[in-house]
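The exercises below are meant to be worked through with the sequence and the structure side by side. Try each task before reading its solution.

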Amino acid sequence: MTYVVTDACIRCKYMDCVEVCPVDCFYEGENMLVINPSECIDCGVCEPECPAEAILPDTESGLEQWMELNAKYSAEWPNLTSKKDSPEDADEFKSVDGKFEKFFSPEPGEGD
């Protein structure tokens, strides 16, 4: 089992999860984070830290798209090991539906 970041993270990118991760398995895109599935140790400490509830265990059904996206982009985006400020408008996007289709960017973030 591993944890995956879903589209609820897009345009929110709160990064509370990064601060608690003991193995630094988060990677930063322009407007969301992903988890490297081969680095995640399944500890689960990140899941309750996410204000957007964007992190889910891969045992939940319907997460195939997110498992693939996390694996793909964690290999391309830079590693993030410390919390940064969230976007100023993060709260405005917290409950928006269909964020992947509307806002997803494959561009990398800055990382550490």
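Helices and strands here are DSSP runs, at least four residues long for a helix and at least two for a strand, numbered from the N terminus. The model is a predicted one.

**Exercise 1.** Locate aspartate 42 and glutamate 53, and decide for each whether the residue is buried, partly exposed or exposed.

*Solution.* Begin with the position in the chain: aspartate 42 lies in the loop between strand 3 and strand 4, and glutamate 53 is placed in the loop between strand 3 and strand 4 as well. Next, take the accessibility, for which buried means under 20% relative accessible area and exposed means over 50%. Aspartate 42, at 29%, therefore counts as partly exposed, whereas glutamate 53, with 63%, is exposed. Finally, look at the backbone, where phi is near 60 degrees for aspartate 42, a positive value in a residue other than glycine, and near 55 degrees for glutamate 53, again a positive value in a residue other than glycine.

**Exercise 2.** Describe the surroundings of asparagine 36, and say which residues are in contact with it beyond its neighbours within four places in sequence.

*Solution.* Asparagine 36 is found in the loop between strand 3 and strand 4, and because its relative accessible area is 10%, this residue is buried. Its side chain is joined to that of serine 38 by a polar contact of 2.7 Å. Leaving aside the neighbours within four places in sequence, the residues in contact with asparagine 36 are Cys25, Tyr27 and Ser74.

**Exercise 3.** Work out how the strands of the open sheet are arranged, and which of them are the edge strands.

*Solution.* The open sheet is formed by three strands in the order 3-2-5, with antiparallel pairing. Strand 3 and strand 5 (79–80) are the edge strands, since each pairs on one side only. Strand 2 and strand 3 pair over three bridges, and within this arrangement tyrosine 27 stands opposite valine 34 in strand 3. Helix 2 packs on the sheet, where it touches strand 2 and strand 3, and its direction makes about 100 degrees with that of strand 3.

**Exercise 4.** Explain why the buried residues of helix 2 line one face of the helix.

*Solution.* First list the buried residues of helix 2 (residues 64–74), which are Trp66, Leu69, Asn70, Tyr73 and Ser74. Seen down the helix axis, these buried residues fall within an arc of 110 degrees, so they line one face.

Methods
Residues are numbered from 1 along each chain as its sequence is written. This is a predicted model: local features need pLDDT of at least 70, side-chain atom pairs count only at pLDDT 80 or more; totals for chains, interfaces and linings use all residues. Side-chain values use heavy atoms; hydrogens and water are left out. Buried means under 20% relative accessible area, exposed over 50%, partly exposed in between (1.4 Å probe, protein chains only). The arc is that of the directions from the helix axis to the C-beta atoms. A polar contact is a pair of N or O atoms within 3.5 Å; within protein, one must be able to donate a hydrogen and the other to accept it, and residues adjacent in sequence count only if both atoms are side-chain atoms. Contact means heavy atoms within 4.5 Å. Two strands pair if DSSP finds at least two bridges between them. Axes are lines fitted to C-alpha atoms, for helices over the stretch in contact, and angles run from 0 to 180 degrees between N-to-C directions.
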